[in-house]
Amino acid sequence: MPMLFNTLPFLAFFIVLFPIYWAIRGRRLRMAWLLAGSVFFYMSWNPWLISLILFSASVDFFGALWMERLTTPWLRRTLLIACISTNLGLLAFFKYVNSFLSSAYALHGWMGGEASSRFVEVILPLGISFYTFETISYIVDVYLGRFKAARDPLEYAVFILFFPPLVAGPIVR
């Protein structure tokens, strides 16, 4: 169960995270603490799904770095399409696979087959729509030249994983 902002587990989490953040000296250590807290928050829903957000963020982090080095327009566009397709493919899979399987089994039952409701239930990752569109926004901004690609993986990870907007939105630049 995720830590909702109006629950006691979240209050306990925040009471630990906030004062330690302000007690830490140095920007990098503070960012590392925020990242650790954000990862903990995200993993409170399902620990295994952290790999999904890390994969999605990594695709665009390294894609943006590579994109800046490319000078051929069609190669840059191809990389942009590959990054966006990867992220939207993950989003579509996790958001719609259960609905698709349920409909497929119902159709199979209507056609005379054994109507089974047993299928693999895919867990919907916490904040998947938010961080998917956040990473897409980032890669598009790099592609259009609005921003330079992030060089610091810690800074980029905090940008993508920072927990307050992860479940509340909106998408920020």
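Buried means under 20% relative accessible area, exposed means over 50%, and partly exposed lies in between (1.4 Å probe, protein chains only). The model is predicted: local features need pLDDT of at least 70, side-chain atom pairs count only at pLDDT 80 or more, and totals for chains, interfaces and linings use all residues. Residues are numbered from 1 along each chain as its sequence is written, and side-chain values use heavy atoms, with hydrogens and water left out.

**Exercise 1.** Classify Arg27 and Glu155 as buried, partly exposed or exposed.

*Solution.* Take Arg27: its relative accessible area is 51%, so Arg27 is exposed. Now take Glu155: the value is 38%, so Glu155 is partly exposed.

**Exercise 2.** Find what joins Glu155 to Arg27, and where each residue sits.

*Solution.* Start with the rule: a salt bridge needs a side-chain nitrogen of Lys or Arg within 4 Å of a carboxyl oxygen of Asp or Glu. Glu155 and Arg27 meet in one, at 3.1 Å from N to O. Helices here are DSSP runs (H or I, at least four residues), numbered from the N terminus.

**Exercise 3.** Describe the pair Asp152 and Arg28.

*Solution.* Their side chains form a salt bridge, 2.3 Å from N to O. Asp152 lies in the loop between helix H5 (128-143) and H6, and Arg28 lies in helix H2, so the pair ties together parts 124 residues apart in sequence. Arg28 is partly exposed, at 44%.

**Exercise 4.** State how many salt bridges the rule gives, then examine Asp141.

*Solution.* The count is four. One of them joins Asp141 and Arg146, with the closest N and O atoms 2.9 Å apart. Asp141 is buried, with a relative accessible area of 3%.

Note on methods:
Helices (H or I, at least four residues) and strands (E, at least two) are DSSP runs, numbered from the N terminus.
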